[in-house]
Amino acid sequence: MIETEAKALLRGASLRVTRPRVAVLSAVHEAPHSDASTLLTLVRTRVGAVSTQAVYDVLRTLVDAGLARRIDLPSSAARFEGRSRDHHQHVVCRSCGTIADVDVPQGAPRPGTPEDHGFTVDHVEVTYWGLCPGCRAERGRRDPESVHRSLHEEEQENF
């Protein structure tokens, strides 16, 4: 994302345009699914000295304004991405942690709403889990059931 686009997005969200905000928003778009530590490194290469807390504050502001999306996965640091206004989902590799986007076709059915519990649902998030092509190749060619079984056994050992 170029600087002028980041500035326009910030102004469109009625946010003050600052060098750290522009740098963090650009980094989130250029390195989707990155954690705050990775984004901090990218931001520092662009603007020089910036505190860790400043990057966390900007990330929180961007998420609150709908300019970034926070991805919370079990046993993983929060990840961030710039695709926040569509309804895509994610697929996560159980072995290496790689995250990829899964586009949901327009008009596709969505999971049912738990209306019987009195909730007003404002967001649905589905995460697909499996092995990425690299990890699958590294483990050798196994049938899907044996890969699932070995992953489940690893999880039990690590629990």
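Histidine 33 is found in the loop between helix 2 and strand 1 (34-35), where helices (H or I, at least four residues) and strands (E, at least two) are DSSP runs numbered from the N terminus. Histidine 33 has a positive phi of about 70° although it is not a glycine, and most residues other than glycine have a negative phi. Histidine 33 is buried, with a relative accessible area of 11%; buried means under 20%, exposed over 50% and partly exposed in between, with a 1.4 Å probe and protein chains only. This is a predicted model, in which local features need pLDDT of at least 70 and side-chain atom pairs count only at pLDDT 80 or more, while totals for chains, interfaces and linings use all residues. Residues are numbered from 1 along each chain as its sequence is written, and side-chain values use heavy atoms, with hydrogens and water left out.

Serine 14, in the loop between helix 1 (3-12) and helix 2 (19-30), also has a positive phi, of about 60°, without being a glycine. Serine 14 is exposed, with a relative accessible area of 68%.

The axes of helix 2 and helix 3 (residues 36-47) come within 9 Å and cross at roughly 130°, the axes being lines fitted to C-alpha atoms over the stretch in contact, with angles from 0 to 180 degrees between N-to-C directions. Helix 2 and helix 3 are therefore oblique to each other, the term for angles left over once those under 35 degrees (roughly parallel), over 145 (roughly antiparallel) and 65 to 115 (roughly perpendicular) are set aside. The contact (heavy atoms within 4.5 Å) involves residues including Ala23 and Ala27 of helix 2 and Leu39 and Leu42 of helix 3.
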